[in-house]
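Welcome to this short tour of a protein structure. Please have a look at the sequence and the model below, and then read on.

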Amino acid sequence: MSILYFLYSISIIYGVLVVVEYKRIKCPECGNEDPRKLFEQADKTTVLYYSMQGTPVYRKQMKCGNCGNIFDKNNS
Ligand SMILES: [Zn+2]
């Protein structure tokens, strides 16, 4: 039981890592793709929707720590 659960957890973690690797984000301005220099932040000018608690959920955008360019994660 515990070993099966352990293997299951490993496969989940491995799957997540593969997805992260596949969705590697790159700055369109300077070509920086170092994840330590790319920061996700909320675009407070664009509210996607309001949660059930009434708090706004903002659109996510990426900021490049190398050149300071702000770009859309999905269009990179
Ligand atoms: Zn950049």
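## Before we start

Two residues are in contact, or touch, if their C-beta atoms, placed from the backbone, lie within 7 Å. This is a predicted model, in which local features need pLDDT of at least 70, side-chain atom pairs count only at pLDDT 80 or more, and totals for chains, interfaces and linings use all residues. Residues are numbered from 1 along each chain as its sequence is written.

## The overall plan

The protein chain has one helix and three strands, and along the sequence they follow the pattern α-β-β-β. Helices (H or I, at least four residues) and strands (E, at least two) are DSSP runs, numbered from the N terminus. The helix, α1, covers residues 2–22.

How many of the 76 residues count as buried? The share is 5%. A residue is called buried if 20 or more other C-beta atoms lie within 10 Å of its own, exposed if 12 or fewer, and partly exposed in between, with C-beta atoms placed from the backbone. Among the contacts with a separation of 6 or more in the protein chain, 43% are between residues 24 or more positions apart.

## The sheet

Now to the strands, which count as paired if DSSP finds at least two bridges between them. The three strands make an open sheet in the order β1-β2-β3, with antiparallel pairing. Its edge strands are β1 and β3, each of which pairs on one side only. In a regular strand the side chains alternate between the two faces of the sheet.

Strand β1 spans residues 38–50 and strand β2 spans residues 56–64; nine bridges join them in the antiparallel sense. To find this pairing in the model, look for D43, whose bridge partner in β2 is R59, and for F39, which stands opposite K63 in β2. β1 is hardly covered, as one of its 13 residues is buried.

On its other pairing, β2 meets strand β3 (residues 70–71), again antiparallel, through two bridges. Here K63 has I70 as its bridge partner in β3, while M62 stands opposite F71 in β3.

## The loop between α1 and β1

K37 is found in the loop between α1 and β1. Is K37 exposed, partly exposed or buried, and why? K37 counts as partly exposed because it has 14 C-beta neighbours inside 10 Å. Leaving aside residues up to four places away in sequence, K37 touches N32, C64, G65 and N66. K37 and C27 are ten residues apart in sequence, and their C-alpha atoms are 9.8 Å apart in space.

K26 lies in the loop between α1 and β1 too. With 15 other C-beta atoms within 10 Å, K26 is partly exposed. K26 and K73 are 47 residues apart along the chain, yet 8.6 Å separates their C-alpha atoms. P35 also has its place in this loop, but P35 is exposed because 10 other C-beta atoms lie within 10 Å. From P35 to R24, eleven residues away in sequence, the C-alpha to C-alpha distance is 8.1 Å.

Which loop holds N66? N66 sits in the loop between β2 and β3. N66 is partly exposed, because 15 other C-beta atoms lie within 10 Å.

N66 touches C27, C30, N32 and K37, again not counting residues up to four places away in sequence. One of these contacts, N32, is 34 residues from N66 along the chain, with 7.0 Å between the two C-alpha atoms. If you look back at K37, you will find N66 among the residues that K37 touches.
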